[in-house]
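Let's take a friendly walk through this structure together.

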Number of protein chains: 2
Amino acid sequence: MPQLRLALAQVNATVGDLAGNADLVVEHCKDAAARGVHLVVFPEMMLTGYPIEDLAMRASLIKASRATAESLATRLQDEGCGDVVAVVGFLDHAEDSSQGFGIPKNAPLNSVAVMHGGRIVARQAKHHLWNYGVGDEIRNFVPGHEINILQIGGIDVALAICEDLWRDGPSAAAKAAEAALLVVPNGSPYEADKDDVRLELCSRRAREGECVLAYVNLVGGQDELVFDGDSLVVDQDGSVLGRSGQFDPELLVVDLDLPAATPAMPDAEERFGGLAIRRTIISSEPFAAYEPLPVTQAERMPRHQEIWTALVTGLRDYVHKNGFSSVLFGMSGGIDSTLVAAIAVDALGADKVFGVSNPSAWSTEHSRSDAAEQARRTGLTLQTVPIAPIFDAYQEALHLDGLAEENLQARIRAVIWMGLSNQHGHLVLACGNKSELATGYSTIYGDAVGGYAPIKDVPKTLVWELARWRNAYAVERGETPPIPEGTISKPPSAELRPGQLDSDSLPPYDQLDAVLDAYVERDLGSADVIAEGFDPALVERVIGLVDRAEYKRRQYPPGPKVSRRNFGRDRRVPITHRWREKL
Amino acid sequence: MPQLRLALAQVNATVGDLAGNADLVVEHCKDAAARGVHLVVFPEMMLTGYPIEDLAMRASLIKASRATAESLATRLQDEGCGDVVAVVGFLDHAEDSSQGFGIPKNAPLNSVAVMHGGRIVARQAKHHLWNYGVGDEIRNFVPGHEINILQIGGIDVALAICEDLWRDGPSAAAKAAEAALLVVPNGSPYEADKDDVRLELCSRRAREGECVLAYVNLVGGQDELVFDGDSLVVDQDGSVLGRSGQFDPELLVVDLDLPAATPAMPDAEERFGGLAIRRTIISSEPFAAYEPLPVTQAERMPRHQEIWTALVTGLRDYVHKNGFSSVLFGMSGGIDSTLVAAIAVDALGADKVFGVSNPSAWSTEHSRSDAAEQARRTGLTLQTVPIAPIFDAYQEALHLDGLAEENLQARIRAVIWMGLSNQHGHLVLACGNKSELATGYSTIYGDAVGGYAPIKDVPKTLVWELARWRNAYAVERGETPPIPEGTISKPPSAELRPGQLDSDSLPPYDQLDAVLDAYVERDLGSADVIAEGFDPALVERVIGLVDRAEYKRRQYPPGPKVSRRNFGRDRRVPITHRWREKL
């Protein structure tokens, strides 16, 4: 059977950076050429980054993206890798689409260009547009109606883009067209516990299509999304032939033995379902026989390490892609800021991490000492600014009490962090967790300030799990556990009044998180939550808190999505509404 | 010709308040019955309010909405108005739609129920879903595929829902089915200068359909949207037969003489385009002849009054629908906070409006006196809290300078407002204008704090125009102009350092707003903006400011959309991006 050396370019594109992303393509194509690769596949929307949201409809970006794709094809040839077939995602527009109601302005296409020999030899636009959760593609793109069959080294290769794979169609079309390989560029964000679904889908589609399937995904952070890579190749039985690691860029090279193409000629009328089949013969002779490379198959990360790495990746890229290099945040000695500190040190290095301790009259001694202990363990810089004199100056004028007085302390701290941020150029991090966001247990313009919120999608019970995991991981590797044990074991408190505990205001976190998992993550109605055995009073209390906290969540900084449904673009509800679940 | 007394119920629904919205329907149907009305039409999604965003996909809300519609039909009969045909928007779901990829969960429908004689006699779902600007209906609904022809008093009446009217189809279907009247429930948000487009469209569709057309719209504020009503009826020549006022609830009654229905019988096979035509005979005999009422045709508001009323309505409903009754904000004596004060007094009454003056060392004497003068003129409550002692307490610890020191002052003020808000229950207003939001000329967590931002969609040049208009309007009516003249005429300054002027940091506002109008409002690329004759250096400067201020805009409170493209759901771009328009 003919051989094909395939490369999956799992890269970290930056939204809007056409030149930088094109450089990444060139770099990887040169690497691929040097390694004898015949076909290299880049992720969805490689040249523009993903997702570009309403930027897709800007005529100037469409024009620039198309021009970048054209010049990139030439440049690949000029730089000596024009013989490699490169599949490169980019923003295109439909030539034949009329403008008008219901058609996104400028008819943008989520496309791939197939580059070879200095030119674009084929184009294909995504058929099925992602329209749920964080995806808004029907708003921003028009669908394509063609599927390409590329003959490379005498092997027929079919193309599909991301969401297309989740629908029936491409694999059946690949089968109908007798393609031996289906390649699928993706922009598929990380979600905890999603991995097996992805492999299972690829295996199923490979079996359906009776073809090898190559799935190529982005890595890196983009606003609230983190892309985890996990690029893979499965054979026609659904068995894994190669798999990339997660979260890091990688050029995975996989050698394939594939059935030779049947001698079908281009036929303008060939169709499958609603799709026109376009055949392009790039090279019909099999490549000279060669010795296959050994199979590379990365180990999957264990669950906690995977989530941890998503959080680290999200933070690192948000900081760097927004032009910062260092971060600053309040270190109360509580578990949340302690976990954020450990993530930040892993993401940026201790010399880029600045903690601020702002003790008040109600801060306990162990909180101060826990913060100092963590600074000692990790090497981050800890500064202490007591808030009492500032608090007194406000109270001289305002005489606040109760909740207003508690919030005042949180806001004084925030003003200090923002002042230090403005003075020294650090990005401020908000340290709230998902359980807090869900229930509104935070002070708006207080602990909720910041440019990025690394653990906003992590429920409190998972915060503790991750802290324990990170310490154990350090011990395994003979390193100092970054998180002081006392921080993990003490009962959580906002320390805004004497003896305050979270449990004064919230249900126990194990119960709270279980209800939130049902109501938010799994999107069940209250009746269904109760049917799972929860106390109706608990359910009513939690749902009431969630429904009333929408405004606070809107004001919260962005942070990495790791769950099925984050409190970002996954779940869009009006701020002003009076819908109450009946219990 | 048979007569029909038609009523257009232009009401202020509240999102999620099924019971309250059903009460509104009953109240208006009783009024309609008392006035001899045969057919009363309510706006789109009457029972749930509009837009409900992802709440549409909650099974519990769908179930409750359907149950409310069923029980409402019975209740209308029980309360003595079952003879009136009522067209009531509600959230339904498709019975026949399969679940799966690409189909919104639970297959929600944006529907209307036709109620008569104690039951729902017909249902129709929107065909064309709104999918641009602030509309996300393709995300949240599945489309309907039927059009109803209701025979009422021997007259054939066709139905279409909002966006359907903007596409070809309903009017042609109405014509094909020989309907004499096309009724269209809407949830159509206010936009300055949009009114004539709406009338023009209705007239065109009436002429196309050779029928009378009745357009019924919501009034009131919902998060960032303001609905302006402007319900109207046009005849088959496109001439206005009746028109409601703007922004206020109203039951507009219009008497029509319409051609009798041709004796078509229900025919399951009747279709037009992709739509199945469903005929329902409610009453085939003409109503007894009666004396028509005189025509009601409200005057359109002049442009500035219309925008002003939109701002007042948006603020009033946001405050009340979120359970507040009073507002508080910083009164610097500048034009922005002065305008907000005047809007708030018009919306809520002076006794619900609390201004806080926070003079610093750099506050000018005229700023303090202008704020006091406005308080005197309008009757709002003004409190003064100097910030110097608090500023000194911070600086004792932080020693900030430059921009960090300037921002510190703005943030100290914000903490004071939020403290007073928490203590006394006022909603804090942010006073920034659209030119500031566009360029990022504000202090995050400083002047940008608040629960609502009444003028965030008003460019600075329009801020001045509205101030002058409001004063002139007061003079016309023999009232005291609310805005001190000095506030309007002095050069704008943030007063965060000695002698500071906005013009130190920004282009002159007339130039800035003109470029923003081209780049943001009309969505032109930089080359097209320059082609309009603007200085390329100015364009580059302004676009650079706009592209870098996305994060600040995300953190800004919601406020009423009055322009074509606000900085809210109209224009969604990533925070993290490196796309720069080429000049």
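## An arginine on a helix

B:Arg376 is exposed, with a relative accessible area of 60%. Please keep in mind that the model is predicted, and that every value here is computed from it. B:Arg376 has a salt-bridge partner, B:Glu373, with N and O 2.8 Å apart.

## Salt bridges within chain A

Over all chains, the structure holds 100 salt bridges. One of them joins A:Arg303 to A:Asp193, whose closest N and O atoms are 3.0 Å apart. A:Arg303 lies in helix α7 of chain A (residues 303-321), while A:Asp193 lies in the loop between β8 (181-186) and α6 (195-209), so this pair ties together parts that are 110 residues apart in sequence. A:Arg303 is partly exposed at 38% relative accessibility, whereas A:Asp193, at 51%, counts as exposed.

Chain A also has a network of linked salt bridges. Its members are A:Arg66, A:Glu70, A:Asp92, A:Glu95 and A:Arg123.

## Where the two chains meet

Now to the contact between the chains. Chain B brings 83 residues to it and chain A brings 82. About 7000 Å² of area is buried between chain B and chain A, and carbon and sulfur atoms give 55% of that. Which three residues supply more than any others of the area that chain B buries against chain A? They are B:Arg139, B:Arg578 and B:Trp579, which supply 11% of it.

Polar links cross this interface too: there are 35 residue pairs in polar contact between chain B and chain A, counting pairs with both residues at pLDDT 80 or more. Several helices of chain B each supply at least two residues to the side that touches chain A, among them α2 (59-78), α7 (303-321) and α10 (388-398). Helix α11 of chain B gives the most, with 12 residues. By residue type, the side of chain B that touches chain A divides into 41 nonpolar, 20 polar and 22 charged residues.

## Salt bridges between the chains

How many salt bridges are found across the interface of chain B and chain A? There are 6. One of the salt bridges in the model joins the side chains of B:Asp523 and A:Arg58, at 2.9 Å from N to O.

Another pairs B:Arg578 with A:Asp17, with the closest N and O atoms 3.6 Å apart. This pair crosses between chains, from the segment after α18 of chain B to the loop between β1 (3-10) and α1 (18-34) of chain A. B:Arg578 is partly exposed, with a relative accessible area of 36%, and is one of the three residues named above for the area that chain B buries against chain A.

## The sheet in chain B

In chain B, 8 strands form an open sheet with mixed pairing, in the order β13-β12-β9-β8-β7-β6-β16-β15. The edges are taken by β13 (240-243) and β15 (271-272), each with a single partner strand, so one side of each is left without a neighbour in the sheet.

Strands of a sheet pair through backbone hydrogen bonds, in either a parallel or an antiparallel sense. For β13 of chain B, pairing with β12 (residues 232-234) is antiparallel, over 3 bridges. Here B:Leu232 stands opposite B:Arg243.

## A covered strand in chain A

Finally, look at strand β9 of chain A (residues 212-217), where 6 of the 6 residues are buried. A:Val212, A:Ala214 and A:Val216 point one way from β9, and A:Leu213, A:Tyr215 and A:Asn217 point the other way.

What are the pairing senses on this strand? β8 of chain A and β9 of chain A run parallel over 6 bridges, with A:Asn186 opposite A:Asn217. Strand β12 of chain A (residues 232-234) runs antiparallel to β9 and is joined to it by 3 bridges. In that pairing, A:Val233 is the bridge partner of A:Ala214.

Terms used. Residues numbered from 1 in each chain as written. Chains lettered and ligands numbered in written order. Predicted model: local features only at pLDDT ≥ 70, side-chain atom pairs only at ≥ 80, totals over all residues. Heavy atoms only, no water. Pairing = 2+ DSSP bridges. Helix = DSSP H or I, 4+ residues; strand = E, 2+ residues; numbered from the N terminus. Contact = heavy atoms within 4.5 Å. Buried area = accessible area lost by both parts, 1.4 Å probe. Salt bridge = Lys/Arg side-chain N within 4 Å of Asp/Glu carboxyl O. Polar contact = N/O pair within 3.5 Å; in protein donor to acceptor, adjacent residues only side chain to side chain. Nonpolar A, V, L, I, M, F, W, Y, C, P; charged D, E, K, R; others polar. Buried < 20%, exposed > 50% of the residue type's maximum accessible area, 1.4 Å probe, protein only.
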